[in-house]
There are 2 protein chains.
Amino acid sequence: MIYFDHAASTPLHPLVYASLKESLLNDFANPSAPHALGRALAKRIDNARLQLLQSLKADSKQYMVIFTASATESNNLLIHSATNSSCIYSNADHPSMVVPASKTKKGGESHSVHHLLTHVNNTSGLILPIEEISAKLKQDNPSCFIHVDAAQSFKKFPISLTSGTIDSLTLSAHKCGGPKGVAALIIKQNQKQKLLPLFFGGDHEGGLRPSTLNTPLILAWEKIFSLALPDVSPIASINQFLREKLSEKKMHFHFPFSPENHSPYILLLATPKIPSDIIVRHLEQKEIYLSSAAACSSKIRGNNPTFHALGIEEKLHKHILRLSFSAATTNSEAEEFAQTLIAIVEELSRLRL
Amino acid sequence: MIYFDHAASTPLHPLVYASLKESLLNDFANPSAPHALGRALAKRIDNARLQLLQSLKADSKQYMVIFTASATESNNLLIHSATNSSCIYSNADHPSMVVPASKTKKGGESHSVHHLLTHVNNTSGLILPIEEISAKLKQDNPSCFIHVDAAQSFKKFPISLTSGTIDSLTLSAHKCGGPKGVAALIIKQNQKQKLLPLFFGGDHEGGLRPSTLNTPLILAWEKIFSLALPDVSPIASINQFLREKLSEKKMHFHFPFSPENHSPYILLLATPKIPSDIIVRHLEQKEIYLSSAAACSSKIRGNNPTFHALGIEEKLHKHILRLSFSAATTNSEAEEFAQTLIAIVEELSRLRL
């Protein structure tokens, strides 16, 4: 099997899986319970918060961690609290930024401005230099609020909160070897009073995010906080190899984005002759799995608003393949993929003549 | 170890754990992905929906399942959509009902009425005959909406949606041997257009609950949908045994609620002489774990609004112990607990003389 859909969801890192196997069995108590089992789990969760902040080079006096169930929830929790603010964002951001941001106040009356930045775009792979941009934005308007969606970059690219210019940050576990169902909103301690909960109940997470804390998922995700970032150059080579290999034959493969400023973990590819849905079906026959669009919008047919915002011509929207790799992706997988894709497109083109 | 805090969270059922061990490893793809791995998972999740409806004797043409991350989220999703309705509820309900319901419209102007019912109260164990009550309420006002929080009753007491009088139902996995991080809102198909999402993003769950579907947690929870309900009589005997045993000596143990109409899985107990927090600490030294209050409100000190709503005298609020059992709780655990509790209270009373 060749799995090139890591931007949609990743297999578990072996350390994460080992942790889950043990923790799901033993750490069943409720970390809000007043007894020793609960208190011990609450302490381990608080330690996971510290480990997470440390991995972001964040001062734990300056920032805090709110665990949520998804990056979508984290983005919404932040943006929901910015209803009376002007949100500045891109329509190419993930729908969990675009949709809630489009519901916030428009126009010039509002006093506060929220900049929503995507560190690595989940469709194009565009990398924003978030620290540089944040510093610039804060220089121009020190009272602006800067939120970064780092769901696709965490544990792939360095993120540092040392300078304090980023006010909040969304992270997802299942995009980086962690389990589905746990994510985080990192926010400056002095901004937390602005947060409005998305829903209400007990006083978990300071009342900002009620629901029983998910000990096994949090402790499993923690296992990768301290791991070194993988070397990006082997993936950059694989990305480059595929661009070259698929350009060799005159098959009109089209790469909408240059390698420059784009994550090599994501490679967008258009196959003008054949709709991508058909190619996905043929590739899966060969046990090769990738996406025709981001999973969150996979049901969108025809004109895709994200592709539109990314400047991809409408006639190509039904022809986009998104390849997304992990640090474990190998040269031979890339080689096999390229050969298979070429063979499929050649065969389908012949049939259609 | 004696664990009498099952109402806060349960250990995993062995079938659930076995499923997770396998599924966490293999079912990593995103069920919204367009490729075969994703589609196969989406199909298995849809089958889990059917199994869940079947276990509730619900017609899948009449009802639908929305998977969420917690019962708190499920209750909020429903009540958030009832903002312009009059919500009728009890302050003794779980905070995830009481807090959002208290934010809905008050008074007589609104056209619609939402009745919020708790099948088994998480603190007192009070059982409401939900089918009977719903039938009566619908008879009086056919246009009223009936929501039931069944987080504490699912897979302990029978729930049937056959009559169609219940409009929506909240279920939780981790209160019945399933994993933390998955729950459901069951709702009538013809009511779903009234639902307003709590947050926004992709089109998962018909746009009503965006976030990557949590395949491993859902498929693991599914393992218990078809299990027969445990026989309640052994737990009723244990509950009765503890009431009698702890009444034997003149230690002034007080049981605020009678066994009648109350779940035997929950036993509330007041120890007037000693604050319950101190007893919890002494019991945990003997590896006996239980709560002084529901975990969701364990940080509440002094006057507890749920206890108040339940009619428990304020002077007893700091003296309440909540014992909560599972079908696997044994007579010898109950015997050991009773002896230990009596010994602790006797010793502490002596020290305080």
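Strand β8 (residues 266–270) of chain B and strand β10 (residues 320–324) of chain B run antiparallel and are joined by five bridges. One of the facing pairs puts B:Leu267 opposite B:Leu323 in β10(B). Everything described here comes from a predicted model.

### The six-stranded sheet of chain B

Let us turn to another part of chain B. Here six strands form an open sheet with mixed pairing, in the order β2-β7-β6-β5-β4-β3. Its edge strands are β2 (63–68) and β3 (86–88) of chain B, each of which pairs on one side only. From one strand to the next, the twist averages 20°. Helix α4 (residues 95–102) of chain B packs on this sheet, where it touches β3, β4 (113–118) and β5 of chain B. The direction of α4(B) makes about 160° with that of β4(B).

With five of its five residues buried, β6(B) is largely enclosed by the rest of the structure. On one side the buried residues are B:Ser168, B:Thr170 and B:Ser172, and on the other they are B:Leu169 and B:Leu171, so both faces of the strand are covered under the cut-off of under 20% relative accessible area.

Which strands pair with β6(B), and in which sense? Strand β5 (residues 145–149) of chain B pairs with β6(B) in the parallel sense over three bridges. Strand β7 (residues 183–188) of chain B pairs with β6(B) in the antiparallel sense over five bridges. Individual residues show how these strands line up: B:Ser168 is the bridge partner of B:His147, and B:Ser168 also stands opposite B:Ile187 in β7(B). Further along, B:Thr170 has B:Leu185 as its bridge partner in β7(B).

### A buried alanine in a loop

B:Ala82 sits in the loop between α3 (71–80) and β3 of chain B. Is B:Ala82 buried or exposed? It is buried, with a relative accessible area of 1%. Leaving aside residues up to four places away in sequence, B:Ala82 touches B:Cys87, B:Thr104 and B:His114. B:Lys136 is 54 residues from B:Ala82 along the chain, and the C-alpha atoms of the two are separated by 21 Å.

### Helices of chain A

In chain A, helix α4 (residues 95–102) has six of its eight residues buried, and is therefore largely enclosed by the rest of the structure. The buried residues are A:Pro95, A:Ser96, A:Met97, A:Val98, A:Pro100 and A:Ala101. Among the elements that cover them are α3 (71–80), β3 (86–88), β4 (113–118) and β5 (145–149) of chain A.

Two packed helices are described by the angle between their axes and the distance between the axes.

| Helix pair | Angle | Axis distance |
|---|---|---|
| α1 (residues 14–26) and α6 (residues 215–222) of chain A | about 150° | 8 Å apart |
| α8 (residues 276–285) and α10 (residues 331–352) of chain A | roughly 125° | within 10 Å |

From that angle, α1(A) and α6(A) are therefore roughly antiparallel to each other. α1(A) passes α6(A) in a right-handed crossing. The contact uses A:Val16, A:Ser19, A:Leu20, A:Ser23 and A:Leu24 of α1(A), together with A:Pro216, A:Leu217, A:Leu219 and A:Ala220 of α6(A).

The helices α8(A) and α10(A), by contrast, are oblique to each other. Their crossing is right-handed. On the α8(A) side the contact is made by A:Ile278, A:Ile279, A:His282 and A:Leu283. On the α10(A) side it is made by A:Phe337, A:Thr340, A:Leu341, A:Ile344, A:Val345, A:Leu348 and A:Arg352.

### How the two chains are related

Finally, the pair as a whole. Why can the copies be said to meet through the same surface? Because 100% of the interface residues of chain B are also interface residues in chain A.

Note on methods: Residues numbered from 1 in each chain as written. Chains lettered and ligands numbered in written order. Predicted model: local features only at pLDDT ≥ 70, side-chain atom pairs only at ≥ 80, totals over all residues. Heavy atoms only, no water. Contact = heavy atoms within 4.5 Å. Buried < 20%, exposed > 50% of the residue type's maximum accessible area, 1.4 Å probe, protein only. Helix = DSSP H or I, 4+ residues; strand = E, 2+ residues; numbered from the N terminus. Pairing = 2+ DSSP bridges. Axes fitted to C-alpha atoms, helices over the stretch in contact; angles between N-to-C directions. Parallel < 35°, antiparallel > 145°, perpendicular 65-115°, else oblique. Left-handed = near helix turned anticlockwise from the far one by under 90°.
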